[in-house]
Every structure is written in C-alpha cells, then in structure tokens.
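Hi everyone, thanks for making time for this. I'd like to walk you through one protein chain, a few residues at a time, so please have a look at the screen.

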Amino acid sequence: MSKLTITGNIKVKSEHVDFVKRELLKLIPITRIEKGCIQYDLHQDNKDSTYFMFYENWESRDVWQAHMANDHIKTYVDATKGMIENCWLHEFTHHEFTHIG
C-alpha cells in the first residue's frame, strides 16, 4: 500500500486561538512517535491566525485511522469542543492523497 498524505484544515473561533493552539501543539510529540507516522507538522496561517493546517504523512490509511482513534485525539476533541469553526473532528475539512512520484 502507498504512503498516505493528509492535509487537515482547522478554523478556530478567534476568541479561542491561543487555547486551541496549545492543545494542537500537545498532539505533535505523542503523534510523531506513533507507529506508522512519517511526518506530522502543524502550520498557522501568516495572515489569519485562526487558521491552522496539519501536513501529515503516514505509512498507510490504516495507521492514520488508528491515530484518529487514539485517546490523545479524543482528549483534544473534548478540550476544544465549541471552539472550532471548521475542523476534521468538528466538521473538519481534510484531504487524503496517495504519493505517486
């Protein structure tokens, strides 16, 4: 199976940016050591501080789905409930890509 690339787009309500950013940053070290994680990088838009994007590479879709079921993801979802305008776990926009070259 080919490597899976994910882009996850998160739009935060402006009054919650600092809190959500701290919660997102907590996901990075624990996710990077997960089985099958190749790359897990968080980005914040230079012009719109309420917009974040994860760029992720996984060994397969199965390991990414296992990541999404982990307790630290559930903890993030619970902690940020009502603070997200548009997110993969709260009406998230994400794209799945297969590496072809």
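Predicted model: local features only at pLDDT ≥ 70, side-chain atom pairs only at ≥ 80, totals over all residues.

Where does Glu23 sit? You will find Glu23 in helix H1, which covers residues 17-32. Glu23 has a relative accessible area of 9%, and the limit for calling a residue buried is under 20%, so Glu23 counts as buried. Its side chain also has a polar partner: the side chains of Glu23 and Lys26 make a polar contact at 2.8 Å.

Now let's step back to the helix pair. Helix H3 spans residues 71-79 and packs against H1, with an angle of about 180 degrees and 10 Å between the axes. Angles over 145 degrees count as roughly antiparallel, and therefore H1 and H3 are roughly antiparallel to each other.

Which residues meet there? H1 brings Phe19, Val20, Glu23, Leu24, Leu27, Ile30 and Thr31. On the H3 side, we have His72, Ile73, Tyr76 and Ala79. Sorted by type, the residues of this contact are eight nonpolar, two polar and one charged. Glu23, where we started, is on the H1 list.

Please follow H1 along to another name on that list, Thr31. Thr31 is in helix H1 as well, and with a relative accessibility of 0% Thr31 counts as buried. The side chain of Thr31 reaches the backbone oxygen of Leu27, at a distance of 2.7 Å. What else does Thr31 touch, not counting residues up to four places away in sequence? Here we get Cys37, Tyr40, Trp58, His67 and His72.

Is His67 buried or exposed? His67 is buried, at a relative accessible area of 0%. Along the chain, His67 and Glu34 are 33 residues apart, yet their C-alpha atoms are separated by 7.5 Å.

While we are in H2, let's look at Asp62, another residue of that helix. Asp62 has 55% relative accessibility; the exposed class begins over 50%, so Asp62 counts as exposed.

Met83 lies between H3 and strand E4, which is 84-86. At 15% relative accessibility, Met83 counts as buried. Not counting residues up to four places away in sequence, Met83 touches Val12, Lys13, His16, Phe19 and Val20.

Let me finish with the whole chain. How many helices and strands are there? The protein chain has three helices and five strands, and from the N terminus on, their order is β-α-β-β-α-α-β-β. Of the 101 residues, 42% are buried. Among contacts with a separation of 6 or more, 67% are between residues 24 or more positions apart. Finally, the surface: the chain exposes about 5900 Å², and carbon and sulfur atoms supply 51% of that.

Definitions and conventions: Residues numbered from 1 in each chain as written. Heavy atoms only, no water. Helix = DSSP H or I, 4+ residues; strand = E, 2+ residues; numbered from the N terminus. Buried < 20%, exposed > 50% of the residue type's maximum accessible area, 1.4 Å probe, protein only. Polar contact = N/O pair within 3.5 Å; in protein donor to acceptor, adjacent residues only side chain to side chain. Axes fitted to C-alpha atoms, helices over the stretch in contact; angles between N-to-C directions. Parallel < 35°, antiparallel > 145°, perpendicular 65-115°, else oblique. Contact = heavy atoms within 4.5 Å. Nonpolar A, V, L, I, M, F, W, Y, C, P; charged D, E, K, R; others polar. Areas by Shrake-Rupley, 256 points an atom, 1.4 Å probe, with all protein chains shown as cover.
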